[in-house]
Amino acid sequence: MTEPSTTRAGADPAPASAPAPAPARRGPVVLALMLAMGLAALDGTIVSTAVPQIVGDLGGLSVFSWLFSGYLLAVTVTLPVYGKLSDTFGRKPVLIAGTVLFLIGSVLCAAAWNMASLIAFRVVQGLGGGALQGTVQTIAADLYPLKERPKIQAKLSSVWATSSIAGPALGGLLAGYADWRWIFLVNLPVGLLALWLLARHLREPARTAPRERVRVDWAGALAIFATGAVLITALVQGGVAWPWLSAPSLGLLGTAAALAALTVAIERRAAAPIIPGWVWRRRTIAAVNLALGALGLLMVAPTVFLPTYAQSVLGLGPIAAGFVLSSWTLSWPITAALSNRVYTRIGFRLTAILGISLALLLLLAFPLLPFPGEPWQPALLMLLLGGSLGLFQLPLIVGVQSTVPYEERGTTTASVLFCRQVGQSVGAALFGAIANGVLAARLGTDTDLDALAPALAATDSVRRAVAAAVDWVYLGAAGAAALALLALLTLAPRRFPVLQEED
């Protein structure tokens with residue numbers, strides 16, 4: 001193992017590195033990674049605009065939200081499992097297996113005969129999607145030396161940005177002029193091309209044969225899956241299918257706590273645990289996990305609630321409201337790509353602190369917007385917010401990947417993404433409860449935010465109630481940013497212990 005080293009004063013990155021693969025060989029692999037990431041990113045948005053057509057054909061209006069929750073659940077709970085498997089058996093077989101499983105799920109979704117079968121097949125898709133999200137990020141770190149990693153990470157970020165804009169439009173187009181089943185079948189050519197490129201061009205370092213047979217902690221994997229499934233079910237359904245303090249909610253949360261204790265006991269005894277203890281014992285990884293968990297929490301505020309604000313308060317149509325939200329996807333990849341010019345001078349930690357501090361101020365500024373205001377005002381805030389989060393997230397991901405050797409990088413990357421996904425699930429439940437509570441206090445009813453279509457928000461009292469609810473959600477997001485800042489200030493070392501890179 002190489003020794004930790006840093007460059008000039010205040011900077012984390014190590015100066016010496018072995019030559020990376022030639023760009024001519026990396027190009028097809030990078031394209032495959034972008035296609036694979038595009039499958040996972042597009043699938044999270046393309047379904048949203050086709051829900052009316054899907055419900056009209058299959059029924060199941062009362063449970064259609066599980067089209068999204070089931071997929072999110074499967075992705076979240078499988079991330080740490082795939083991370084460990086990629087460190088044990090290599091990235092290539094895990095990514096190929098995950099892509100194949102995702103495509104099988106896509107075909108099954110297209111053939112669904114009722115809402116229950118479609119939800120089940122969306123879970124199958126999510127089981128493959130967990131491999132796509134985590135392993136793609138790990139391979140990207142394997143391919144590029146430290147100083148070049150912002151380039152590939154910016155490309156992957158641009159895939160997410162493009163998908164957030166194009167996904168709903170493409171889903172509506174296919175559902176309106178073809179058939180909603182094409183939303184899933186369109187994954188096939190993209191996925192098959194990615195598989196061909198990976199199989200032909202991806203070459204991994206030679207792995208030394210272990211002296212003993214490799215043991216996979218399947219008991220730990222099952223325990224993690226069960227814990228995550230119960231916890232996310234409680235968070236998704238709480239306050240929607242039943243009240244938070246009802247027996248189902250309390251029962252699920254209690255079961256999740258018991259399963260979490262069982263998981264810890266299993267992982268402590270396992271020879272090769274899925275989530276090793278060093279993930280939380282190492283200060284750098286623990287701090288990044290907590291900070292990006294807070295990022296997942298923070299991201300819910302604009303992603304879920306800003307479109308409702310734009311339509312109900314500003315009076316915009318769905319397309320215009322989407323553009324207000326998408327402004328942050330324009331600046332995020334740009335600042336991410338340029339972040340290496342900052343962290344090579346002041347270090348990963350200070351760069352991330354700068355980014356999240358700016359994000360905290362911008363989130364606090366949202367409630368100060370005039371009522372009802374102009375569309376350019378929240379759009380400008382989102383543009384600046386995306387830029388600040390690009391400075392925050394990418395240095396942390398690149399930095400933490402650079403503190404571990406090749407054989408630990410998959411587990412480390414998966415733990416970071418897992419915490420961010422859990423943060424999003426918690427944020428959706430927490431901020432939904434905040435928004436609905438404010439609406440109930442302002443309107444004197446049990447109306448929730450989802451029930452307020454733009455047409456119902458014509459009265460001034462309703463518009464002001466929605467504006468107040470979203471203001472409080474943004475204040476909650478500011479609290480999440482403060483938690484991320486606190487994690488970096490108190491837990492993260494002043495300099496990340498970056499390893500010299502190996503071939």
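**Exercise 1. At what angle do the axes of α3 and α5 cross, and within what distance do they come?**

Step 1. Take helix α3 (residues 66–89) and α5; their axes come within 7 Å. Axes are lines fitted to C-alpha atoms, for helices over the stretch in contact.

Step 2. The axes cross at roughly 35°. Angles run from 0 to 180 degrees between N-to-C directions.

Step 3. The crossing of α3 past α5 is right-handed. That means the near helix is turned clockwise from the far one by less than a right angle.

Step 4. Sort the contact of α3 with α5 by class: 14 nonpolar, 9 polar and 1 charged residues. Ala, Val, Leu, Ile, Met, Phe, Trp, Tyr, Cys and Pro count as nonpolar; Asp, Glu, Lys and Arg are charged; the others, Gly among them, are polar.

This is a predicted model: local features need pLDDT of at least 70, side-chain atom pairs count only at pLDDT 80 or more, and totals for chains, interfaces and linings use all residues. Residues are numbered from 1 along each chain as its sequence is written, and side-chain values use heavy atoms, with hydrogens and water left out.

**Exercise 2. What span should helix α5 have, and how far apart are its end C-alpha atoms?**

Step 1. Helix α5 covers residues 115–143, 29 residues. Helices are DSSP runs (H or I, at least four residues), numbered from the N terminus.

Step 2. The expected span is 1.5 Å times one less than the number of residues, so α5 should span 42 Å.

Step 3. The end C-alpha atoms are 41 Å apart, which agrees.

Step 4. Look for a bend. α5 has a kink of about 30°, centred on Gly-128. The bend is the angle between axes fitted to the seven residues ending at a residue and the seven starting there.

Step 5. Check the N-terminal end. Asn-114 caps α5, with a side-chain oxygen 3.3 Å from the backbone nitrogen of Ala-116.

Step 6. Check cover. In α5, 24 of 29 residues are buried (under 20% relative accessible area; exposed is over 50%, partly exposed in between; 1.4 Å probe, protein chains only).

**Exercise 3. Is Ser-327 buried or exposed?**

Step 1. Locate Ser-327: helix α13 (residues 318–338).

Step 2. Its relative accessible area is 9%, so Ser-327 is buried.

Step 3. Find a partner. A polar side-chain atom of Ser-327 lies 3.0 Å from the backbone oxygen of Ala-379.

Step 4. Move to Ser-331, found in helix α13. Ser-331 is buried because its relative accessibility is 11%.

Methods:
Helix = DSSP H or I, 4+ residues; strand = E, 2+ residues; numbered from the N terminus. Polar contact = N/O pair within 3.5 Å; in protein donor to acceptor, adjacent residues only side chain to side chain.
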